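Here are my notes for your read-through. Keep the model open as you go, and check each point against it.

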Amino acid sequence: MEQRLNIKQLEPNAYKAILEISKYLETTSLSITIKNLIKIRASQINSCAYCIEMHTTEALKNGEKQNRIFALSAWKESPLFSEKEKALLAATDEITQISKNGLTEGSFQKLKSYFNDNEIAQIIIQIGEINIWNRIAVSTQMFHQLS
């Protein structure tokens with residue numbers, strides 16, 4: 001597989017704007033675990049091998065356990081995720097697949113039981129940000145280097 005386009009080179013201002021969102025998200029109150037779960041789960045849904053490789057490696061460096069990463073695609077049935085994390089993952093699934101039903105009222109209310117409004121806003125932005133990166137990587141056929 002060969003990369004189709006290099007958006008960073010072709011549209012540096014747009015790329016920089018997306019990077020600014022990423023930099024902002026680094027400053028939010030969301031834990032690194034929450035951010036990693038969002039990034040990996042959305043990337044799984046979007047079949048973005050580039051981002052899955054990047055964010056699983058990052059998560060492992062940040063102390064995430066391998067078995068939780070392995071179980072992430074089956075989070076609903078897994079006892080490895082807390083109810084708070086399951087609320088987060090439901091929102092990640094629904095927002096990533098927005099055309100199906102959007103963020104349902106039930107999922108939103110579960111988020112509200114674990115997160116304040118600012119955190120929910122940050123979660124929505126984090127989900128949107130990784131979906132932008134997934135769409136760039138998949139559309140341009142970005143690939144990660146084999147180790």
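1. Start with helix H2. Tyr15, Ile18, Ser22 and Leu25 are buried there. Buried means under 20% relative accessible area, exposed means over 50%, and partly exposed is in between (1.4 Å probe, protein chains only). Seen down the axis of H2, the buried residues fall within an arc of 75°, so they line one face of the helix. The arc is taken from the directions from the helix axis to the C-beta atoms. On the other side of H2, Asn13 and Lys16 are exposed.

2. Some ground rules. This is a predicted model, where local features need pLDDT of at least 70, side-chain atom pairs count only at pLDDT 80 or more, and totals for chains, interfaces and linings use all residues. Residues are numbered from 1 along each chain as its sequence is written, and side-chain values use heavy atoms, with hydrogens and water left out.

3. What covers the buried residues of H2? The cover includes helix H1 (7-10), helix H3 (32-45) and H9. Helices here are DSSP runs (H or I, at least four residues), numbered from the N terminus.

4. The length of H2 checks out. Its 15 residues should span 21 Å at 1.5 Å a residue, and its end C-alpha atoms are 21 Å apart, which agrees. The expected span is 1.5 Å times one less than the number of residues.

5. Now the rings. The structure holds 1 aromatic pair. Tyr15 and Trp133 form this pair, edge-to-face, at 5.2 Å centre to centre and 70° between the planes. Rings of Phe, Tyr and Trp (its six-membered ring) pair if their centres lie within 6.5 Å; planes under 30 degrees apart count as stacked, over 60 as edge-to-face, and the rest as tilted.

6. Why does this pair matter for the layout? Tyr15 lies in helix H2 (residues 12-26) and Trp133 in helix H9 (residues 117-140), so the pair ties together parts that are 118 residues apart in sequence. Tyr15 counts as buried at 18% relative accessibility. Trp133 is buried too, at 14%.

7. Look next at Glu129 in helix H9. Glu129 is buried yet has no salt bridge. A salt bridge needs a side-chain nitrogen of Lys or Arg within 4 Å of a carboxyl oxygen of Asp or Glu. The nearest side chain of opposite charge, Lys39, is 5.5 Å away. Lys and Arg count as positive, Asp and Glu as negative; His and the chain ends are not counted. Glu129 touches Ile21, Ser22 and Leu25 (heavy atoms within 4.5 Å), not counting residues up to four places away in sequence.

Conventions:
Helices (H or I, at least four residues) and strands (E, at least two) are DSSP runs, numbered from the N terminus.
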